[in-house]
Each structure stands twice: as structure tokens, then as C-alpha cells.
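Q: Could we go through this one together, piece by piece?
A: Gladly; here it is.

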Amino acid sequence: MPYYYMGFDPTYFLVLIGAVICLIASARVKSTYQKYSQYRSMSGMTGAQAADRILRSAGIYDVTIQHVSGNLTDHYNPSKKTLNLSDSVYGSTSVAAVGVAAHECGHAIQHQQGYAPLHLRTAIVPVANIGSVLAWPLILIGLFFSRNTGSLLINIGILCFSLAVLFQLVTLPVEFNASSRALRILGEQGILSESEIPYTRKVLSAAALTYVASAAASILQLLRLVLLFGGRSRDD
């Protein structure tokens, strides 16, 4: 009998594990950023100034640098070609802020150079969003239908959730590559000194772990769906 017919659902531990992993990763990136946001870069450049210099040195003149509200809400929008820097990055001269700004520039450079994983991630965004929205409704509706129809709806729901997991996995090489580019460029252009690069590396590594945590949590949730509903047709 599937777990969802029982009073106790042991697979829920998978969700709890994923949540704990994400909380730990989030706390780490916040504490790491807070620590190194106290270290002013020797160049005295703000995140916005560093981003402008990096983009221009890469021959990118059609990307607009924008100031957005929030804390660590920085992102590059490939469709609008905007590099959005948050309150804690845009005007800050810390090694943490400069590192985050350079990371987002890494995405812009990926876009310019046709980096395949970035284009793949951009391409699957619409289906991943639809999949994450439809997954649970399809699964829950499928529970109320007969064996064949219900199993079909549940399987489609699991497939939809798998698309969201795929997006998380494709995101990993995109983020790691952007950080790698950022660290190399910051050193090559002298925006950060040799002694400052390790600090920025710690910030970007902590940020990268949040993506790893999200991917791990999504995989655990997918595993839970398979355990809960994968054998439904055999048990009906």
C-alpha cells in the first residue's frame, strides 16, 4: 500500500532534509557575505563601477547596469540585457560586493559568447515554470481518478516536476562558470589584489552552495514523489 494511504509518511523526511540543507546554505551565504562586506577593496571601486569596467573590457556595451532593491537580489536578465545589482552591492566598495557584481558580469559574458548551458537554461525556463506549477495539481487530481487515468495524470505530474529539477541541475554549471570567470577577470584586471581574491572566492563559493542545496532539495522531492506515487498502478 502506498505511503499516502497511511497515517505516517516516512518519505516526508526527504523534504525535511532538503529544507535543512537549504537553510544551512542560505545562512552560510548571508554570514559569509556579511563578513567580507566589511573588507573595503583596495581599488575603492563600487560594485556598479566594477561591473561597468568588466563589461566594457569584454566589449559589451548593450547591457544596462541597474540598481534594484533588496539584499543579494542580484541577477542578469539575458532577455532584457540588464545587469541588476542590489542595495548591498551596487554602491558598496567591499570585496564581497565587487565579487558578486563580477559574477553577474560573468553571466553577461556567457550570453555574449554563446555559452551553451546558459542558453539551455534560458530555453527551459518556460517549461520548468509550467512544470513546477502543474506538477502537484496533476498528482492530486490523479488520486481521485480510476487506475489507468489516475496513473497517467500522476506520471505526467511527476514528469512536470522533473522538468523543474532539470532546470536546477542545468543551473549548476552556469553558476560555477560565472564565478570562475569573475575571479579570473578580477585578478587579471587588477580590480582586486592577489590578497583580496581569496576573500571574494569564499563569498562566491558560499553563494554557489545555495544552488547546490536547491538542486539537492529538488532531487529529494522528486525521489519522494516517485516513492509515494510511482507504484500506485501496481497497488490499485
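Q: Leaving aside its neighbours within four places in sequence, which residues is T200 in contact with?
A: T200 is in contact with V95, G99, L183, L186 and L192, where contact means heavy atoms within 4.5 Å. This is a predicted model, in which local features need pLDDT of at least 70 and side-chain atom pairs count only at pLDDT 80 or more, while totals for chains, interfaces and linings use all residues. Residues are numbered from 1 along each chain as its sequence is written, and side-chain values use heavy atoms, with hydrogens and water left out.

Q: And is T200 buried or exposed?
A: T200 counts as buried because its relative accessible area is 0%; buried means under 20% relative accessible area, exposed over 50%, and partly exposed in between, with a 1.4 Å probe and protein chains only.

Q: What covers the buried residues of α1?
A: The cover includes α3 (87-90), α4 (95-113) and α7 (197-229). The buried residues in α1 are L14, G18, A25, V29, T32, Y33 and Y36.

Q: What about the span of α1?
A: The end C-alpha atoms of α1 are 37 Å apart, which agrees with the 36 Å that its 25 residues should span at 1.5 Å a residue, the expected span being 1.5 Å times one less than the number of residues.

Q: Where does I21 lie, then, and how accessible is it?
A: I21 is in helix α1, residues 12-36, and counts as partly exposed because its relative accessibility is 32%.

Q: Switching to loops, where is L72, and what is its phi?
A: L72 sits in the loop between β1 (64-67) and β2 (75-77), with phi near 55°, a positive value in a residue other than glycine. At a relative accessible area of 28%, L72 is partly exposed.

Q: And K81?
A: K81 lies in the loop between β2 and β3 (82-85), and its phi is also positive, near 55°.

Q: Where does pLDDT stay under 50?
A: That is over residues 1-6, pLDDT being the predictor's confidence in each residue, from 0 to 100. Where pLDDT is low, the predicted coordinates should not be read in detail.

Notes
Helices (H or I, at least four residues) and strands (E, at least two) are DSSP runs, numbered from the N terminus.
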